[in-house]
Amino acid sequence: MTTRITSRRWRVDVFVDEHEDDRTTHAEARLHTNDKTHLVGRGVAHRNPDDSEIAEIGDELAVARALSDLAHRLLHAAASDIEAITHDRVRLHG
């Protein structure tokens, strides 16, 4: 018996912008799939005026928050898709 493996490739592009005027770093994580699912997650990091200026830390925080937001949006999209098919309320844990 032969097992058929189907694979798909999804891509997440992450964009990071530093805003010196208000000491914030903004990140956007964009999910691209082969179907209609194109979601965007956003995250922001705020630098305390007393903190050292290390851009990488702000990038890490903002990107982590954007990816977390994207993950929540993807779970919500999956739940909505399941509800549309089953006509039952769905609660996914992630």
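Trainee: Which residues make the nonpolar surface patch?

Mentor: This is a predicted model. Here Val12, Val14, Val16 and Leu67 form a nonpolar surface patch of about 270 Å². Strand β1 gives the largest share, three residues. Leu67 sits in helix α1.

Trainee: Is Leu67 buried, partly exposed or exposed?

Mentor: Buried means under 20% relative accessible area, and exposed means over 50%. Leu67 has 38% relative accessibility, so Leu67 counts as partly exposed.

Trainee: How many residues does helix α1 have, and how far does α1 reach?

Mentor: Helix α1 covers residues 55-86, 32 residues in total. From first C-alpha to last, α1 reaches 47 Å, close to the 46 Å expected. His87 follows α1, with a positive phi near 60°.

Trainee: Which residues of α1 are buried, and what do they pack against?

Mentor: Start with the general idea. An α-helix has 3.6 residues a turn, so residues three or four places apart point the same way. In this model, the buried residues of α1 are Gly58, Ala62, Val63, Ala66, Asp69, Leu70 and Ala79. They pack against β1 (11-19), β2 and β3 (40-46).

Trainee: Now β2. Is Thr25 buried or exposed?

Mentor: Thr25 lies in strand β2, residues 24-32. Its relative accessible area is 6%, so Thr25 is buried.

Trainee: What is Thr25 in contact with, leaving aside neighbours within four places in sequence?

Mentor: Its contacts beyond those neighbours include Val16, Asp17 and Glu18. Gly43, Val44 and Ala45 also touch Thr25. So do Gly58, Asp59 and Ala62. Of these, Gly58 and Ala62 are among the buried residues of α1.

Terms used. Residues are numbered from 1 along each chain as its sequence is written. This is a predicted model: local features need pLDDT of at least 70, side-chain atom pairs count only at pLDDT 80 or more; totals for chains, interfaces and linings use all residues. Side-chain values use heavy atoms; hydrogens and water are left out. Helices (H or I, at least four residues) and strands (E, at least two) are DSSP runs, numbered from the N terminus. Buried means under 20% relative accessible area, exposed over 50%, partly exposed in between (1.4 Å probe, protein chains only). Contact means heavy atoms within 4.5 Å. The expected span of a helix is 1.5 Å times one less than its number of residues. Patches are made of residues with over 30% relative accessible area and no salt bridge: like charges are joined within 9 Å, nonpolar side chains (Val, Leu, Ile, Met, Phe, Trp, Tyr) within 5 Å. Accessible areas come from the Shrake-Rupley method with a 1.4 Å probe; for residues, only the protein chains shown count as cover. A salt bridge is a side-chain nitrogen of Lys or Arg within 4 Å of a carboxyl oxygen of Asp or Glu.
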